[in-house]
Amino acid sequence: MNPLEPYRCFRFGARKSVQFLAKTVRHIPIIVFVGCLFCSPADRVNAFIYSLDDGTAEAAVGLRLNNDLIALNSFATVSGTTIDTISIAFGFGPNGDALNGTPFQAVLWNDPNGDGNPSDATVLATANGFVAGAGTNTFVPLSISPTVVTTPNFFVGFILTQPSGIFPAALDQTPPTFDNRSFVTASAAGAGNIFDLTANSFVPLTTIEGAGISGNWLIRAGAKVTQRVGDSGRWAFLLGLAILSGIFVRRFSQVTQAGRFCSNSDRPSRRG
Ligand SMILES: [Ca+2]
Ligand SMILES: [Ca+2]
């Protein structure tokens, strides 16, 4: 009698194969569940304040004549930013209280070429308000239509027609200050241009350092920043798949080894 039994060997291989598949696939629901649990991304919204100042002004900047003054800060955009508030603290000086009640317009600009310089800035939103708390480091918040910023930088600032000899723009000079982040420009009263900042000729658009003064305006932007969370679960999922692949290879190797042994004449037949 031939000691080899190919038919029995085939049955044994099939049974092992079924066991192998059963042991392997039983991990799949767990891995898929964990992967779905962590891979299901969700949006997390956080309030965020864009600011260059420490909340206290050491100086204030203004014009000797009654002209339109425009002051603005540059910020790098955090991904997922929606600006909804512009807050400004106004300056001080002799007759600083005369500023209170002065109308102003808060402005949000984008930065089309993303270089942090507002020479190409485009207006995204505005809001009108009145100066209050001048010279007291009190921020006047103005709500704007929630605006998503898609450029790498953006600018927030104000335009107002200032009384002569008043210093509307409050400046933080406490170190550290940030160069090339605060800008100023001016035009004749009523001629200030927020849509083309380079068109203001009384004081051409410049950094505050370019005007011989260092510091940063007390001008802030309030934002909601939306961040996608749960992406880290992707790696947990991939790790699970890697483990599953390892189990598959290991068990496949065992089955292959068993199959070869079964078909080998060295293995005695159960019938033999
Ligand atoms: Ca300060
Ligand atoms: Ca630019």
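## Sheets and nonpolar core of a predicted protein model

Of the 272 residues of the protein, 29% count as buried, a residue being buried if 20 or more other C-beta atoms, placed from the backbone, lie within 10 Å of its own, exposed if 12 or fewer do, and partly exposed in between. This is a predicted model, in which local features need pLDDT of at least 70 and side-chain atom pairs count only at pLDDT 80 or more, while totals for chains, interfaces and linings use all residues. Residues are numbered from 1 along each chain as its sequence is written, and chains are lettered from A and ligands numbered from 1 in the order in which they are written.

The protein has three helices and 13 strands; helices (H or I, at least four residues) and strands (E, at least two) are DSSP runs, numbered from the N terminus. Two residues are in contact if their C-beta atoms, placed from the backbone, lie within 7 Å, and of the contacts in the protein with a separation of 6 or more, 84% are accounted for by residues 24 or more positions apart.

Two open sheets are described here, where two strands pair if DSSP finds at least two bridges between them.

| Strand order in the open sheet | Number of strands | Pairing |
|---|---|---|
| 6-5-8-3-10-11 | six strands | antiparallel |
| 2-9-12 | three strands | antiparallel |

Within it, strand 3 and strand 10 pair in the antiparallel sense over seven bridges, and Asn67 stands opposite Ala188 in strand 10.

Strand 9 and strand 12 run antiparallel and are joined by two bridges, and the bridge partner of Asp172 is Asn216 in strand 12.

A nonpolar core is a set of buried Ala, Val, Leu, Ile, Met, Phe, Trp, Tyr and Cys residues joined through C-beta atoms within 7 Å. The largest such core has 51 residues, of which Ile70, Ala71, Ile88, Phe158, Ala169 and Ala170 touch the most other members. The elements that give two or more residues to this core include strand 3 (67-76), strand 8 (153-161) and strand 9 (166-172), and strand 8 gives the most, with six residues. Leaving aside residues up to four places away in sequence, Phe158 touches Ala71, Ile88, Phe104, Gln105, Ala106, Val107 and Ile219.
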